[in-house]
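The structure comes first, then the points by topic.

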Amino acid sequence: MIQHEMSRRRLLGLGVGLGSAATLALAGCGGGSATKSTTAGNGGKDYTGPKVDLKLWNGFTGGDGDIFKKLVEQFNAEHQNIAVGVITYQWDDYYSKLPGAVSSGNGPDIAVMHMDQLATFAARGVITELDDVAKALELSEGDFAPTVWKGGLYHDKRYGIPLDMHPLGFYYNKALMQKAGLDPNKPPTTREEYEAALTELKKSGVQGFWVSPFQFTGGMTFYSVLHQWGGTLFDADVAKATFNSDPAVEACTWLVDMIKQGHSPRNVGQDADYLALKSGRNAFNWNGIWQINDLKKSPGMQWGVAPLPKIGSQPAAWANSHNFTIVKQRSADANKVSAAKVFINWLSQHSIDWAKGGQVPARKAVRESADFKALTEVNALAPELEYAAFPPAAPGLGEVMTTFYNSFNEAALGKKSPKQALDDGVAKANKQLEDNRKKYGS
Amino acid sequence: MADVIEAGAARADAPPPAGRTRRRRGPTERGHRATPYLFLAPYLVLFLVFGLAPILFGVWISLHQWDLQLPNRPFVGLGNYGDLFSSDSAIYADWWSSVRATAIFTVLSVPLLVVVPLGLALLLNRAFPGRTFFRAAFFAPYVLGVAVIGLLWRFLLDANLGLVNRLLGMVGLPSDTPWVTDVPWVWVSLVGVTVWWTCGFNAVIYLAGLQDIPAELYEAARVDGANGWDRFRHVTLPGLRPVLLFVLTTTILASANVFGQSFLITQGAPGEQTRTVVWRIVDEGLRDYDAGRAAAMSVLFALMLAVVSIVNFRLFRYRED
């Protein structure tokens, strides 16, 4: 029931408070900064050295984890001199554990990372440049979707090889649409159609579009419509927050008005929007692509998924992407680095199996294969790749994004007007961005 | 009742606690002067390595702009502390809103967590059929992890889909209370869930304390004509004073450390109003990797709690005099 991305949250029980100073201090005992990376091997074409063991960390705790492990087993069987061992953490634990593990020399060789984390970890020297991998494997923008490919860059250098992308999709309950006299095979694609459909649903007694005040999924919905209205979260240099611009306020108002007009109940709780979709009380839900596999397990439910309708002036959808990175080691082992590159290249080529885990493969050749076209639902969201709005590449954006999502929370819960909530959020975000600039010197 | 009398009798026969009547050690007595220290040494080592050293290191970190991964960790003196007190800094409003959230939760939850378990313990201390079952039943929620109770109650308390609102609606009460998304309801939810979850623990401690009160005292009071309330006031409460002090102190500290409940049930909503101090420290240190600022928050928060605990002890000592 909980989306796997939800696990990006730490669960520390009671009693951490007083100990926090102590915990942080212990983490600090690792000391020492990672050494420089080495350019090793021929960028991932093959590896002929002595046998190496590679540690790979990921956060695939859902069904995707099994698919990933099977791929790794296959790789290990095909490569006698490389043995990849997989360690899985919950995403949020993962990002807090990784720095400490790396600085104490216990980190992985390969780390899977979300695109929005790349800049932070690159700026902090945790991961190494991969330009030579891209070059040696002759990977270029043309092999990937441009939006995803560019997201792996930080200061014009490549740090991530994209594996997939996971956008927000438009899920609809076909039974409710039928009940309201709508064609369940023609989900609305424009603002007019969308609002007309909601009106029909309302007539049939259904609040058709539950607006969650939380990041999952209301915040990401707002993120998407904000971009559809032509707005952005930050200026081009990510120096100033811009999510209180006129388009942003209009987009936010449109969403909040859904509640005012009775298309959504007030005070939608975490996951309530999605649970209501499944239980036939909510007709439309903008949710992550990772819900496809969960919905497939609900045999009684008539549902469909389509790209997000175009509410604003242009299509746009929230999206993120899993990337492979190579972690800097205190004592770099050239063999390990070149073996890691072989692995990344191999897995990228085999990402069709990964698509069955419910993600759109980043690699174009895989996306255009007949195998991928057969994955109807996931394939339905592939068009979003062209206009996916990925998070910007700037270090330390985590807390700034929290500020963004919290200002939407206040607007959606009616604590503040959209304008007021976003103005307050921007004022705070600008201070946070300034702190980041001082810290990372960019 | 048998065990109560037994416990009381054992207590009465026991020698007075050490410290009150300390005998001077003569050379004829066995044991070297260093013996007690040798026995204490293992714990002392643990305390130094895992207690004192990290605390001191934490204070040291708090004087720096400290990131595990960045090569430069400039010394900033009291700068991190200054940020917490300067309204210009990005963290100022967040920090004090977290302190406020934690204070509200503590002030609301501690009285309940001190009084409700006491009443429960008094009831469970009586002899009645099924006593063991009820003792287990009230303690049971405490066995569950915060993740379990957090998710459970988040779904039960959901404004639109939750069982709680549905039941309220069935008996004719408002069925749209935003238990987990709006003030003041969020506080009712967080405090209520916490009391439900942890009151069994305090009740067990009270129970142990109650069984430590000599039964003769009750008998003597009864002979003197004391009624139930008098016996509670003049025998039970004084007898529980050390237990009360313990329960009060640990409950204040536990409540001030609240994190899991608001993290899971309200997720900080509305806005950041239920984001607690510990949550803020974890975010600052482990998500934003600003260990210096997180350490400064920890130190400041520890000082606040130390002051509260000292006041607490003073009050109880005053009453003893």
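Leu56(A) has Val86(A), in S2(A), as its bridge partner. The model is predicted: local features need pLDDT of at least 70 and side-chain atom pairs count only at pLDDT 80 or more, while totals for chains, interfaces and linings use all residues. Residues are numbered from 1 along each chain as its sequence is written, and chains are lettered from A and ligands numbered from 1 in the order in which they are written.

**Sheet of chain A**
- Strands S1 (residues 52-58) and S2 (residues 82-88) of chain A pair in the parallel sense over seven bridges; pairing requires at least two bridges found by DSSP.
- Helices (H or I, at least four residues) and strands (E, at least two) are DSSP runs, numbered from the N terminus.
- The open sheet holds five strands of chain A in the order S2-S1-S3-S11-S6, with mixed pairing.
- S2 and S6 (161-162) of chain A are the edge strands, each pairing on one side only.
- S6(A) pairs with S11(A) (residues 322-326) in the antiparallel sense over two bridges, and Pro162(A) has Asn323(A) as its bridge partner in S11(A).

**Contact between chains**
- Contact (C-beta atoms, placed from the backbone, within 7 Å) involves 51 residues of chain B and 49 residues of chain A.
- Elements giving two or more residues to the chain B side include H2 (35-62), H6 (146-157) and H13 (291-320) of chain B.
- H13(B) gives the most to that side, with eight residues.

Methods: Two residues are in contact if their C-beta atoms, placed from the backbone, lie within 7 Å.
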